[in-house]
Amino acid sequence: MITAGPMPDTVATTSTVRLPRVLVADDQPDILEAVQLLLKGEGYEVETALSPSGILLAVQRHDFDAALIDLNYARDTTSGAEGLDLLGRIRAVDPTLPVSVMTAWGSVDGAVEAMRRGAYDYVEKPWDNARLLLMVRRQVEMGRALRAGRQLQTEIETLRGTAGRPLLIAESPRMRPVLDLMARIAPSDANVLITGEHGTGKELVAQWLHAASARATKPFTAVNLGGLSEGLFESELFGHVRGAFTDAKTDRAGRFELADGGSLFLDEIANISLSQQAKLLRVLQTREVERVGSSRTKRVDVRILAATNADLREEVSAGRFREDLLFRINTIEIPLPALRDRREDILPLARHFLDRHAQRYGRRGLTLDAGAAQALLTHSWPGNVRELDHAVERGVLLAQGTSVRAGDLGLRPPGPPARLEDLTLAEAERAIIERALARFGGNVSQAARALGLSRSALYRRLESNGQV
Ligand SMILES: Nc1ncnc2c1ncn2[C@@H]1O[C@H](COP(=O)(O)OP(=O)(O)OP(=O)(O)O)[C@@H](O)[C@H]1O
Ligand SMILES: [Mg+2]
């Protein structure tokens with residue numbers, strides 16, 4: 001039989017000693033009560049939440065040492081995907097909080113998927129008390145270790161500052177104006193359009209803006225507009241009443257209502273049809289929503305944070321996007337540069353992901369060897385920060401010994417060099433410059449020297465070639 005071991009130590013901080021604090025969330029009050037009783041009996045301080053927004057609120061407000069949540073919010077969601085998204089959302093608020101999930105007996109698949117997405121562990125319901133206590137105890141230890149590590153981390157250029165904001169790593173000169181802009185507009189209520197290629201951190205920026213705003217204690221609600229059919233679009237955003245259509249078995253609030261008082265993240269905004277755009281625009285203008293099938297209007301107070309990897313101005317000229325909607329959502333634009341244009345961020349980001357994955361896969365102390373660092377610096381990162389995250393994760397999984405080597409990262413070797421006779425003069429120049437930059441990790445001075453140019457001459461060429 002597993003035993004839970006002695007009572008967990010208390011946490012010593014500079015001025016106070018406090019009990020380890022655990023967040024427990026489930027939509028069934030009786031389950032909450034049972035778990036709470038069990039944990040309190042073992043000397044934990046317990047806070048409970050009944051809904052996803054309650055969880056996020058709690059995590060924003062307090063420092064927990066561990067969280068135990070059920071991902072299956074039957075009343076709030078139509079699919080398990082939402083519950084899984086919650087894991088990412090929690091991590092964005094508090095990257096060092098170990099989160100375990102409770103899952104219905106026999107639905108281990110969901111739990112495994114949750115762990116793949118960063119959950120610490122899972123228990124099945126009905127749970128075994130000893131197993132649950134052991135898990136929470138380990139979680140608390142892990143949470144403390146992570147926090148201690150975080151405190152030791154040198155103060156790199158991050159926008160972290162206050163508790164609750166996601167860690168956003170940005171050391172490059174290219175990101176400085178972006179950080180300035182973010183800091184300046186976060187407290188305002190202005191709608192923001194975040195643009196950038198895939199994986200550049202648009203959603204993270206949206207979460208940061210929300211967490212740094214006066215709305216931080218209200219919900220941050222995200223919706224991906226990319227894949228919503230015409231019918232689903234309205235019910236998802238504005239809600240529906242029972243019987244509005246065949247599958248509408250109950251009344252359901254839409255994302256606008258759920259985000260009331262907070263921020264609504266509209267991802268992939270370029271991917272909606274003109275008629276969907278018209279419906280969205282109307283709500284943004286009137287600040288009122290009507291659930292599908294109902295004629296009652298409800299006022300909503302929502303800040304819109306939208307994201308796209310398309311050029312919306314171009315979409316407007318092509319007649320695919322309404323200009324008036326663009327004006328509405330684009331009070332301020334935050335353009336995120338591609339990772340290849342801010343190479344100084346590559347290694348700090350890689351170290352951040354390395355710590356995170358090494359921790360997660362029980363490989364603490366792993367480092368990047370020089371060859372791996374070099375490979376990371378010279379890769380072109382078409383998938384940007386997300387691709388880097390995945391490469392480092394793969395490196396951690398494949399590393400033998402104490403360091404990750406270039407071969408562990410699974411990066412594509414650069415393609416065969418194009419044959420000179422196939423290139424125009426301009427293409428050849430661009431290729432030569434690109435390779436020189438890649439060779440020196442994006443350092444313009446060194447690349448210029450190798451090319452026999454002055455730094456400013458190389459810059460002029462980069463500019464006229466559209467390479468910056
Ligand atoms: N500056 C950063 N610091 C730390 N992590 C980052 C940073 N930028 C991005 N990430 C991480 O990289 C991953 C991709 O970021 P995110 O999902 O925000 O990108 P995106 O622009 O929304 O991508 P897509 O267009 O594909 O939806 C996330 O795990 C995010 O936490
Ligand atoms: Mg995104």
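**View 1. Residues around ligand 1 in a predicted model.** Ligand 1 is surrounded by 18 residues. Here a residue counts as near if its C-beta atom, placed from the backbone, lies within 6 Å. The closest are Gly201, Lys202, Glu203, Leu204 and Val385. Helix H7 (202-211), H13 and H15 each give two or more residues to this shell. Helices (H or I, at least four residues) and strands (E, at least two) are DSSP runs, numbered from the N terminus. By class, the shell has seven nonpolar, seven polar and four charged residues. Nonpolar covers Ala, Val, Leu, Ile, Met, Phe, Trp, Tyr, Cys and Pro; charged covers Asp, Glu, Lys and Arg; the others, Gly among them, are polar. Domain 2 (173-335) and domain 3 (340-409) both give residues to the shell, so ligand 1 lies between them. The domain bounds come from an automatic or database domain assignment.

Residues are numbered from 1 along each chain as its sequence is written, while chains are lettered from A and ligands numbered from 1 in the order in which they are written. The model is predicted: local features need pLDDT of at least 70, side-chain atom pairs count only at pLDDT 80 or more, and totals for chains, interfaces and linings use all residues.

**View 2. Helix H13 against helix H15.** Two packed helices are described by the angle between their axes and the distance between the axes. The axes of H13 (residues 346-360) and H15 (residues 384-398) come within 9 Å and cross at roughly 45°. Axes are lines fitted to C-alpha atoms, for helices over the stretch in contact, and angles run from 0 to 180 degrees between N-to-C directions. H13 and H15 are therefore oblique to each other. Angles under 35 degrees count as roughly parallel, over 145 as roughly antiparallel, 65 to 115 as roughly perpendicular and the rest as oblique. The crossing of H13 and H15 is right-handed. H13 brings Ile346, Leu349, Ala350, Phe353, Leu354, His357 and Ala358 to the contact, and H15 brings Val385, Leu388, Asp389, Val392, Glu393 and Val396. Contact means C-beta atoms, placed from the backbone, within 7 Å. Ten of these residues are nonpolar, one is polar and two are charged.

**View 3. Helix H13 against helix H14.** H13 and H14 (residues 370-378) pack at an angle of about 125°, with their axes 10 Å apart. They are therefore oblique to each other. Ile346, Leu347 and Ala350 of H13 meet Ala373, Leu376 and Leu377 of H14. This contact has six nonpolar, no polar and no charged residues.

**View 4. Helices H17 and H18.** The axes of H17 (residues 444-451) and H18 (residues 455-464) come within 8 Å and cross at roughly 100°. The two helices are therefore roughly perpendicular to each other. Val444, Ser445, Ala447, Ala448 and Leu451 of H17 make the contact with Arg455, Leu458 and Tyr459 of H18.

**View 5. Two backbone details.** Most residues other than glycine have a negative phi, and most peptide bonds are trans. The bond from lysine 125 to proline 126 is cis, with omega near -5°. Proline 126 sits in the loop between strand E7 (122-125) and helix H5 (129-152). Arginine 287 has a positive phi, near 55°. Arginine 287 lies in the loop between helix H10 (274-286) and strand E13 (288-290).

Notes:
A crossing is left-handed if the near helix is turned anticlockwise from the far one by less than a right angle, and right-handed if clockwise. Two residues are in contact if their C-beta atoms, placed from the backbone, lie within 7 Å.
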